[in-house]
Protein chains: 2
Amino acid sequence: MLEPSGTGYHGPHDDGDLTLTNRVAVLRAALGDRVRTEPEVLAAHRRDSWVLSELDDLEGRSGPLPLAVVEARSTVEVSRALSVCRAERIPVVPFGGGSGVCGGVAVPEGAVVISTARMSGLIELDSSDLTASFRAGTWGMEAERVVQGHGLTIGHWPQSIDLSTVGGWVATRASGQYSTAYGSVEDVLLDLEAVLPDGSVVRTRRTPRASAGPDLRQFFLGSEGVFGVITEVTFSLRPLPEASRGQAFHFGGFREGVEAMRRFMRVGWRPPVVRLYDARESERHFAETCPEGRAMLILLHEGPAALVEVQRAAVAETCHAAGGVEADVAAVDKWLLERNQVPGFRPFLEKGIILDTIEVACTWSRVVELYERATRSLAEVPGILLASAHSSHSYRSGTNLYITFAARPADRDQMAATYRECWRRTLDAAVAVGGGIAHHHGIGRVRRDRLVDEIGDAGIALLRSLKRGLDPEGLCNPGVLLPGDDRSRRDR
Amino acid sequence: MLEPSGTGYHGPHDDGDLTLTNRVAVLRAALGDRVRTEPEVLAAHRRDSWVLSELDDLEGRSGPLPLAVVEARSTVEVSRALSVCRAERIPVVPFGGGSGVCGGVAVPEGAVVISTARMSGLIELDSSDLTASFRAGTWGMEAERVVQGHGLTIGHWPQSIDLSTVGGWVATRASGQYSTAYGSVEDVLLDLEAVLPDGSVVRTRRTPRASAGPDLRQFFLGSEGVFGVITEVTFSLRPLPEASRGQAFHFGGFREGVEAMRRFMRVGWRPPVVRLYDARESERHFAETCPEGRAMLILLHEGPAALVEVQRAAVAETCHAAGGVEADVAAVDKWLLERNQVPGFRPFLEKGIILDTIEVACTWSRVVELYERATRSLAEVPGILLASAHSSHSYRSGTNLYITFAARPADRDQMAATYRECWRRTLDAAVAVGGGIAHHHGIGRVRRDRLVDEIGDAGIALLRSLKRGLDPEGLCNPGVLLPGDDRSRRDR
């Protein structure tokens, strides 16, 4: 059950509030058949793809079902749903694809889900301006297919592209596999529309750049549903590239590979795909193309053919100078084939294995230290089976590390505790080197109590201040992003 | 005099507040000799470089002097100053270089200025990570010189680089002349420190990218002093380029030049400098290299030599296909020499000529329409002498227009009214084509009552909500950015 806390939503009220059944009736009066209460619909909107929620399900500790799922078909209907929920003090959880892996959706008692699933499809596309606007519930791959039909690309390739929505990309501040050249979602987003907790509609201007006060898109990028519901997004597109060529090298160690990446990134070369795997992951993924014990770097170059050629040559020169050995480009083809296969957690959990990926980031000079600290610390966790990492998103001043762990604790009851311990150790390592605790999966519930390590007490206070102003009762996605907003059993 | 309004600071209080003299004494008790009250110091911090403030000065209508100028030497002192001002309900105006041109500084009655002038210089530089941290009051050119001493560049070249501070760049969301490749200040900013209105200190994390809730840097980028004072900034640098080469073309008209830019931008070529001048400005600036009546496009390519070569060739091919004729590269050299000569308004004002530049932006398909609407509409203003434009910052989906106007109304008393009419017509044109009202100078006072055209009522409400949370009494730079925050005589 929910318990009172310092701020925000405190769970269903004992008196003065509508009964749960009446809440649904009030929603129905406002939104008619958009309000779904069939058991299978409720069950499908209870949570995202966070492994701890999956473990809870497996162990019979599933969280509550939503009271109802509002399948809004328009911005007006989202606005109406939020207005009703505010008036009736009903907590609201926005739901896109449900592919989040941080517990950004774990419906609290008595809450209503607003699904964007029926707000889908292209609104307008201008191939001269390179713009395409979509309703927020459009599946990522569907949006990409639509623009590819015009010879264009969004250039945003999260591994979840088949499972996530374009609105979800914005709400979680997603990155894609091609981000090293094309940027993350904030770099491809041109404008958006969102409904605030009070039902009012914000639309940002369709302009390539503005100096008109703080950039309002940024209030919603990474907002994880706590500031309302994103209803439309417009991307600034690219033409499909004239040329596309893979390239691969292996290095004596992770350190040498990092140094090669740093060197070609600093002078301005930008292959869309730059991925360096430690020896463990190189063996796992590239046994046929990477000698044992070496660290594999795979690259994909895209753009005008002339650019691709000079970039490939420059990257090769840098990699050779850093001790890299050219590898079979079949490694890139293999990655391209397998890149969007999102593994299911369930078969592992059933075997008593708890596992996850944790993405962190830091400046170049601290990458190897972060890698070593995190993997060494994870290696000390009882039952650990695996601790490995790769870098998949690089920048002028640093890169990310995508750390994978798996553990089988002796006692099955310790799976959740082991999980938390692995997360704690990895984020401790990121904090110790001065890095960032979250590169692209977001905060959700899994990192919520560590957000203070990223932005400090004053940063938390700043976000809280905005939250109180927009959502004084803390009804929008309570328990997510901001620490201490509820104390439900779902909190870790 | 100040009059009450709906929200925010309403001017000095009649009773219950400290007298103005006592306010200075309280500040002195907290900050000692950091508190300056010499008349020449007060006079130098009264306003920024907005032409209407300059006109007021010329005509003997200067605004009030600040009560005092706090020359803080540290973040702690900025924090102390803000805490005292909040406790004593003293309005506060942050002051960087004073080079703003939108009325972002026009001190209201009874206010204190916090100057960052004594918070200057490099804090740390890491040439491997390409990072450099500066105190906020560091002059732009000083910061650039420091990093150039290490073979690096910030790559941010506002025309005001000799007159503006690195903190001011962030507070105003500045763009530089090399933005087409290197981005605007939000793209070179890695992290920052700022003091909130309550004196608490926010520091963002030194990480190349994060998905950890909304990006807190964005609350300060474009905040124009209304959310506190920026105290430190860290840039993600670049090495000085291996090669740098100019290129120039002239076109039959502005339309043909715009089309050429759109075509090479869309496939991904990124010369740092891409500037297209209409025939009027081409004649004014490039009489020796551009035939009369033609539109001049100048470019500067930078980067690895191999990249510069293929990019120059591709841009040339695109420009020729769009009807461009190669021009003498001396045009680029001339621009490089003269680019930071910021013209003074005073000699014009003394002759009864009112003038300004207005930067707006839109998507490619509307650029020519915006250009024609704005220049035609300006041509109808009584006394107009000049209405011309160039594009100086391009993007995948659009570009900016930098519109220059000058007018000599028959009646000298009509200078301010003529000014407002020219602004109104230009922003009306930007709004009519669906574009943005402010590309890189900010809102200040000159655009304040048009911010609603950019972000709508709900956007204004969102910013107001944040403002109320952080600065409930509206003490931080009242009258700027948010409409209706004061009704002082300085408001236009």
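Leaving out residues up to four places away in sequence, Arg245(A) touches Leu299(A), Leu300(A), His301(A), Val308(A), Glu309(A) and Arg312(A). The model described here is a predicted one. Arg245(A) lies in strand S12 of chain A, which covers residues 243-251. With one of the residues it touches, Glu309(A), the side chain of Arg245(A) makes a polar contact of 3.3 Å.

Is Arg245(A) buried, partly exposed or exposed? Its relative accessible area is 37%. Buried means under 20% and exposed means over 50%, with partly exposed in between, so Arg245(A) counts as partly exposed. Arg245(A) is 220 residues from Ser465(A) in sequence, and the C-alpha atoms of these two residues are 48 Å apart in space.

The next topic is how the two chains meet. Three arginines, Arg205(A), Arg209(A) and Arg396(A), supply 13% of the area that chain A buries against chain B, more than any other three residues. Between them, the two chains bury about 6,800 Å², and carbon and sulfur atoms account for 56% of this area.

Polar links also cross the interface. There are 52 residue pairs in polar contact between chain A and chain B, counting pairs in which both residues have pLDDT 80 or more.

One salt bridge is formed by Arg209(A) with Glu186(B), whose closest N and O atoms are 2.7 Å apart.

The last topic is how the two copies are arranged. Two copies of a chain are related by a rotation about an axis and a shift along it. Here a rotation of 180° with a shift of 0.0 Å along the axis superposes chain A on chain B, with an RMSD of 0.0 Å. The two copies are therefore related as by a two-fold rotation axis. In chain A, the C-alpha nearest this axis belongs to Leu466(A), at 2.5 Å. Of the interface residues of chain A, 100% are also interface residues in chain B, so the copies meet through the same surface.

Methods:
Residues are numbered from 1 along each chain as its sequence is written. Chains are lettered from A and ligands numbered from 1 in the order in which they are written. This is a predicted model: local features need pLDDT of at least 70, side-chain atom pairs count only at pLDDT 80 or more; totals for chains, interfaces and linings use all residues. Side-chain values use heavy atoms; hydrogens and water are left out. Buried area is the accessible area (1.4 Å probe) that two parts lose on being put together, summed over both. A salt bridge is a side-chain nitrogen of Lys or Arg within 4 Å of a carboxyl oxygen of Asp or Glu. A polar contact is a pair of N or O atoms within 3.5 Å; within protein, one must be able to donate a hydrogen and the other to accept it, and residues adjacent in sequence count only if both atoms are side-chain atoms. Helices (H or I, at least four residues) and strands (E, at least two) are DSSP runs, numbered from the N terminus. Buried means under 20% relative accessible area, exposed over 50%, partly exposed in between (1.4 Å probe, protein chains only). Contact means heavy atoms within 4.5 Å. Copies are superposed by least squares on the C-alpha atoms of residues with pLDDT of at least 70 in both.
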